[in-house]
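User: I'm new to this one and would like to go through it with you piece by piece. Could you take my questions as they come?

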Amino acid sequence: MDDLMKIDLYELLNISINADEKEIKKAYRKKALTCHPDKHPDNPKAAQHFQELSKALEILTDSSARAAYDKLLKARKAAQVRHRELDSKRKKLKEDLEAREKSSQGFRDIDAAQKLQKEIERLRKEGSRQLEKEQEILRQQIEKEKHGLNKSESDSAPRLKVKWKSYKNDEHNDGYDESSLLNIFRKYGYVTCFISKKKKGSAVVEFSTPEAAQMAYESEKGNPENPLSLSWISGQPQEMTRNFHSINPAAAKGP
């Protein structure tokens with residue numbers, strides 16, 4: 001807690017004090033990926049930095065904790081500004097100023113710090129859903145990197161569009177959700193799944209290799225009572241593309 005008090009969490013994430021939640025998460029992912037313990041298992045400094053970033057995300061994405069932190073940060077920065085404004089003639093008054101601050105502003109700092117401490121304790125007990133979600137995203141990103149899905153390849157990563165019959169009023173999405181789709185496609189290797197929120201009965205599944213995606217494309221039907229329909233989005237193997245065009249010459253020419 002004492003170390004946290006000395007850190008500017010906004011500077012730590014390299015964001016503005018007015019950053020919204022989306023900007024905070026984006027900055028966290030970018031920095032946390034560089035020091036994730038899974039990437040640096042033997043580097044205690046990386047682990048410490050990762051913990052600091054995670055604590056910053058936890059505090060700044062919780063409205064109550066962020067308000068308490070902002071109040072403390074504002075008080076600290078105000079004191080720093082006052083000290084910087086002391087010119088050479090007034091430096092001899094610095095000790096008197098600091099003594100007065102201990103009896104006035106100092107008490108407010110202590111109060112702000114205590115409030116922040118309570119918010120941090122609350123987050124520790126309740127757990128931070130935002131932090132859990134972001135760390136799961138990081139875990140998936142690191143898994144992608146381990147399987148060779150780096151940024152330069154992301155645009156051509158093997159992806160399939162998955163569709164099934166679904167009705168607007170069906171809260172259970174007609175038997176398919178992210179968990180069930182992952183269970184279905186994990187037999188083909190490491191996959192990630194994104195269910196469309198705008199269009200019911202639709203999802204995108206990304207595979208670690210084109211061969212795995214092709215195998216799923218050729219053989220996966222899903223639940224027989226509500227079969228899946230699969231189509232390519234990106235990363236289709238060249239051989240398969242040539243075979244498709246040889247069977248469908250019109251497709252090769254385009255519209």
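User: Which residue does Arg159 stand opposite in β6?
Analyst: In this predicted model, Arg159 stands opposite Ser234 of β6, and the two strands β1 and β6 pair in the antiparallel sense over five bridges.

User: And what is the bridge partner of Arg159 in β3?
Analyst: In β3 the bridge partner of Arg159 is Glu206, and β1 is joined to β3, which covers residues 202–207, by five bridges, with the strands running antiparallel.

User: Which residues of β1 are on its covered face, and which on its uncovered one?
Analyst: Leu160 and Val162 make up the covered face of β1, while Arg159, Lys161 and Lys163 make up the uncovered one.

User: Staying with β3 for a moment, is Val204 buried, partly exposed or exposed?
Analyst: Val204, whose place is in strand β3, has a relative accessibility of 24% and therefore counts as partly exposed. Its C-alpha atom is separated by 8.3 Å from that of Thr192, a residue 12 positions away along the chain.

User: Let's switch to aromatics. How many aromatic pairs are there?
Analyst: The count comes to five aromatic pairs. One of them joins Trp164 and Tyr176, whose ring centres are 5.1 Å apart with the planes at 50°, so this pair is tilted.

User: Where do Trp164 and Tyr176 lie in the chain?
Analyst: Both Trp164 and Tyr176 lie in the loop between β1 (159–163) and α9 (178–185), so the pair ties together parts that are 12 residues apart in sequence.

User: Why does Trp164 count as buried, and why does Tyr176?
Analyst: The cut-off for buried is under 20% relative accessible area. Trp164 counts as buried because its relative accessibility is 7%, and Tyr176 counts as buried because its value is 2%.

User: What about Tyr217 and Trp232, how are their rings arranged?
Analyst: Tyr217 and Trp232 form an aromatic pair that is tilted, with 5.8 Å from centre to centre and 45° between the planes. The pair links distant parts of the chain, since Tyr217 sits in helix α10 (residues 210–219) and Trp232 in strand β6 (residues 229–234), 15 residues apart.

User: Which of those two is buried, and which is partly exposed?
Analyst: Trp232 is buried, with a relative accessible area of 16%, whereas Tyr217 is partly exposed at 31%.

User: Which residues do ring pairs link into a cluster?
Analyst: Phe185, Tyr188 and Phe207 are linked into a cluster by ring pairs.

User: New topic, the nonpolar cores. Which residues in the largest one touch the most other members?
Analyst: The largest nonpolar core has 33 residues, and those that touch the most other members are Leu9, Leu13, Ile15, Tyr28, Ile59, Leu60 and Tyr69. The elements that give two or more residues to this core are α2 (9–13), α3 (21–35), α4 (44–60), α5 (63–84), α7 (105–126) and α8 (129–146).

User: Which element gives the largest share?
Analyst: The largest share of this core, seven residues, comes from α4. There is also a second, separate core of 20 residues, which includes Tyr176, Leu181, Cys193 and Ala212.

Note on methods:
Residues are numbered from 1 along each chain as its sequence is written. This is a predicted model: local features need pLDDT of at least 70, side-chain atom pairs count only at pLDDT 80 or more; totals for chains, interfaces and linings use all residues. Side-chain values use heavy atoms; hydrogens and water are left out. A nonpolar core is a set of buried Ala, Val, Leu, Ile, Met, Phe, Trp, Tyr and Cys residues joined through side-chain atoms within 4.5 Å. Buried means under 20% relative accessible area, exposed over 50%, partly exposed in between (1.4 Å probe, protein chains only). Helices (H or I, at least four residues) and strands (E, at least two) are DSSP runs, numbered from the N terminus. Rings of Phe, Tyr and Trp (its six-membered ring) pair if their centres lie within 6.5 Å; planes under 30 degrees apart count as stacked, over 60 as edge-to-face and the rest as tilted. Two strands pair if DSSP finds at least two bridges between them.
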